Amino acid sequence: MRVATDIGGTFTDLVYVDDDGRIGIAKSHTTPPNFEQGVIDVIEKSNLDPRDIETFIHGTTVIINALTERKGAKTALITTKGFRDVLEIARGNRPDLYNVRYQKPAPFVPRYLRKEVTERLNYKGEIIKPINVSEIEQIIEYFKKENVEAIAVAYLHSYANPIHEQQTVKIIKELWPEVSVTASHEVTREWREYERTSTAVLNSYVKPIASTYVDRLETRLTSIGMSGNKYIMQSNGGTTTFNQSKITPINMVESGPVAGIFGAAVLGQMIGEKNIIAFDIGGTTAKCSLIDNGDVKITTDYKIEKRDFTAGYPIKVPVVDIVEIGNGGGSIAWIDDAGSLRVGPLSAGALPGPIAYDRGGTEPTTTDANLVVGRLSAKNFDNEVNMQKVRKGIEEKIAKKFDISVEEAALGIIRIANSNMLNALKLVSVRKGYDPREFTLVAFGGGGPMHAPALAKELGVKKVIVPVAASVFSAWGMLMTDLRNDYIKTYIRGLNDIDLEEVNQEWEGMESKAISQYLKEGISQEKVVFSRFADMRYLGQEHTVKIPVPNGEWDLDSIKEIIRRFHEIHEQHYTFKLESSPIEIVNLHLTAFGKVNKPKMYEIESSVDNGESAIKEIRPVLYEDHGWIDTKVYDRELLLAGVSINGPAIVEEQSASTVVYPNQSLKVDKYGNLIIYTGV
């Protein structure tokens, strides 16, 4: 049996798949700050025997929480002489040129904990000035007095040759074995000094916390009798071992959210949908990503805390290209100083949660608004919902301010939330040159199925898919992942006169390193599969385009094919190509998958009564532009394959509700997925 758990802002989700492909789910409340307790709680709630779990996969928000809440270790930096202030200087470009309130982000390492060492390499990795060992010894003594808990080491051009970083780490471990250390070459071999230094610092900052959390989780899992393989979800859409996750925890920065994106791609392959917009609404955030022809977009230009007023902090590790906004089921509705209604980014979270949870929450949320308009049912909550409290919260905080009814205020909250989510969907589609009418929206999370049909219609998307176990779909996505490691190395060479023997040796070296790592983790060489990419640009350009390139040994025909692909993809991204201009490779990118056996999807029975036996009730529901309509409410567990339903309708399942609007229709496919036709 394969089991996956995913820690969210409000709930901890569990999905399991047995040997027959049958899916089971469970949810329990997230338990900050002891997140591992929520994992144990949800396993107990699922009634699974831990001894039957062969593979356990875990997604966590511990890393991103430690960064955003500034709860990491006291971190210091050792760098090349003259580069002490690289974190403060950052980039000269501003994300918003005319924003007079723009602020450079404050470094995670204060200046008094940033120390320089005499050493120097050139851009080829050749030693210009040997490292001064005595300076390192003095710095370590200073850091000890300052009670430093973690050290980052980032030297100039160490991406080309890590020898000085390796020497420094060796000295630190000899003189101070207790301290946590990260060398920049261990997390990225790409150039760009500021981004590489930032990544090394942030990895050091979270390393002690990650190690403690993973150790605690592993201890608790062992204590309940789980002895199967244990993996953690990474930001690149693959998994890694518990041990590796403690070495480079920064690779888990988007551990939970990306699993749903990858799951949407896998689901699309199964049902013949290659162009997908994955849309996930949880309790705290809404997340979306575009999948083009089955390809999940990966970027190393990821930033945390990037806002209108700040450039954020770069993390140069592979992350699924995802847009995330602070709008979810627990997002609080409020009125700003100008008297306008706003929703989010502040969330009620797991504690106290929306008013409906009856755990002390007093601020109206999107969940409360959906209850008032009838899209959610009080009967579908774990607790007894006090509707009088819910209505009173919306009335006092919102309705009275605008002199409108509670129902109108609730609908206004939903409209504002939808508007925020629509902007996020446009960022991954229209703003990047894609026509959303050519894509299918896969909606999941607790709130995705409820909001997606309205958003899809607004966006021009013809079809919405609500997958099985929608509320815990990110955890399902983890069940479908392989082990994955990305090896990226800066390798600047002109493509037209490239040394084929040299570049083939580079690929072979990267592949050998990948195989060696997987062998240590118990994965045989036969199960290792490679995908190659190259970051390329026209000579004189600053930024690159990622191009899929052939596996195996390159020859002249390979180079011609790579050039053709580059021109084609560059034109797709930027609307032009320069076929007479020289092209250069900037980075080589090898993705190594350790293939694991995946569960098959279970096919459900076919319906004989077109869903009539699945009707739970008929209740009034308020729709935009239509008013109150008596709406049939269906139990999703009782809906069988082949059922067709015309809107308006609501399909309820554990922790999620799918809203089918008037003039829309729904069909259940052979796997139990809900296919909604939006009528556009």
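Predicted model: local features only at pLDDT ≥ 70, side-chain atom pairs only at ≥ 80, totals over all residues.
Two strands count as paired if DSSP finds at least two bridges between them. Strands here are DSSP E runs of at least two residues and helices are H or I runs of at least four, numbered from the N terminus.

Residues are numbered from 1 along each chain as its sequence is written, and side-chain values use heavy atoms, leaving out hydrogens and water.

**Overall build**
- The protein has 16 helices and 35 strands.
- Its C-alpha atoms fill a box of roughly 80 × 60 × 60 Å along the principal axes.
- Of the 680 residues, 57% are buried (under 20% relative accessible area with a 1.4 Å probe, protein chains only).
- Among contacts (heavy atoms within 4.5 Å) with a separation of 6 or more, 68% join residues 24 or more positions apart.

**Strand β23 (residues 440-444)**
- Five of the five residues are buried, so the rest of the structure largely encloses this strand.
- T440, V442 and F444 sit on one side, L441 and A443 on the other, and both faces are covered.
- In a regular strand, side chains alternate between the two faces of the sheet.

**Neighbours of β23**
- β13 (residues 276-281) pairs with β23 in the parallel sense over five bridges, and I276 stands opposite T440.
- β24 (residues 463-466) also pairs with β23 in the parallel sense, over two bridges.

Terms used:
Buried < 20%, exposed > 50% of the residue type's maximum accessible area, 1.4 Å probe, protein only.
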